[in-house]
Amino acid sequence: MERKQRIHAPIRYGRLSAKNTDSPSYTMVFARSCARPRRRLGTAWAVPFRTPTDGEEELRVEASELARAETNRATYSQLSNDWFTVGIIVNPHSPMRRDIQKWWGRVYGQIRDDHDLRRIHLKSEGSIITRDGCVRVSWPDIVESGGTLDYDYLLATPTVPEISGGRYPTVRQIASSWARNDEYFRRNIDSFITTAQDRELQKHLERGRSVGGITEV
């Protein structure tokens, strides 16, 4: 983690997690519309692997570890579920890009139909993941320097958004889901994981506390 770098990322709040519990709340998703225009981009962290990867099997191992982190299940053995998948973003300038795409094609070939990301998405955006398991976002820039991230590829876990009436949830709906507990939002802010929605979300949360809660209208 001491070598992590903060990058621009097309992220926003839009997945209704734990929807079948007493306290469902909105978490983050990749959203291609956040890159149009670029002022809607958020910030995230790119973290290097402990050791470089060199081949298909090592790539598969790293993807498996990321899936376990996403599910928070140490014994999870798949690379996807109905609500997420591990995907890859390949640096278009990497001299290894063709080899990496070939390796990933074989890794991802087992799971391409095992999630809902290609079915559930904003119509104007299309799916965030291709049939070959590539995350449809641009190669990121580094926030502090403005330079390009010097990795050969990134692994990420796109999650299925909550789309209703052809739209993402509103800021009011998102803030309302945190009325009981906004720890997820606070921890993201404290960790410098941000979205273009944060200022407006903050206003809704503060208004809700001042009047005793947030209600839907």
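How much space lies in the second largest pocket? In this predicted model, the answer is about 220 Å³. The lining of this second largest pocket is made up of 14 residues. Those that lie nearest its centre are Pro 10, Ala 35, Arg 38, Leu 41 and Ser 138. Sorted by class, the residues lining the second largest pocket comprise seven nonpolar, five charged and two polar ones.

Rolling a probe the size of a water molecule over the atoms shows where empty space is left. For cavities of 30 Å³ or more, the count comes to one. The largest cavity holds about 90 Å³ of space, and 16 residues line it. Phe 30, Glu 125, Ile 128, Pro 161 and Tyr 168 are the lining residues that lie nearest the centre of the largest cavity. By class, ten of the residues lining the largest cavity are nonpolar, four are polar and two are charged.

A partner for β3 is strand β2, made up of residues 11-17. The two strands run antiparallel and are joined by six bridges. Within this pairing, Tyr 13 stands opposite Met 28 in β3.

Key. Residues are numbered from 1 along each chain as its sequence is written. This is a predicted model: local features need pLDDT of at least 70, side-chain atom pairs count only at pLDDT 80 or more; totals for chains, interfaces and linings use all residues. Side-chain values use heavy atoms; hydrogens and water are left out. On a 1 Å grid over the protein atoms alone, a cavity is a set of points where a 1.4 Å probe fits but cannot get out, and a pocket is an open set with protein on both sides within 12 Å along at least five of seven lines; lining residues have an atom within 4 Å of a point. Grid points are joined across faces, edges and corners, and a volume is the space filled by probe spheres set on the points. Ala, Val, Leu, Ile, Met, Phe, Trp, Tyr, Cys and Pro count as nonpolar, Asp, Glu, Lys and Arg as charged, and the others, Gly among them, as polar. Two strands pair if DSSP finds at least two bridges between them. Helices (H or I, at least four residues) and strands (E, at least two) are DSSP runs, numbered from the N terminus.
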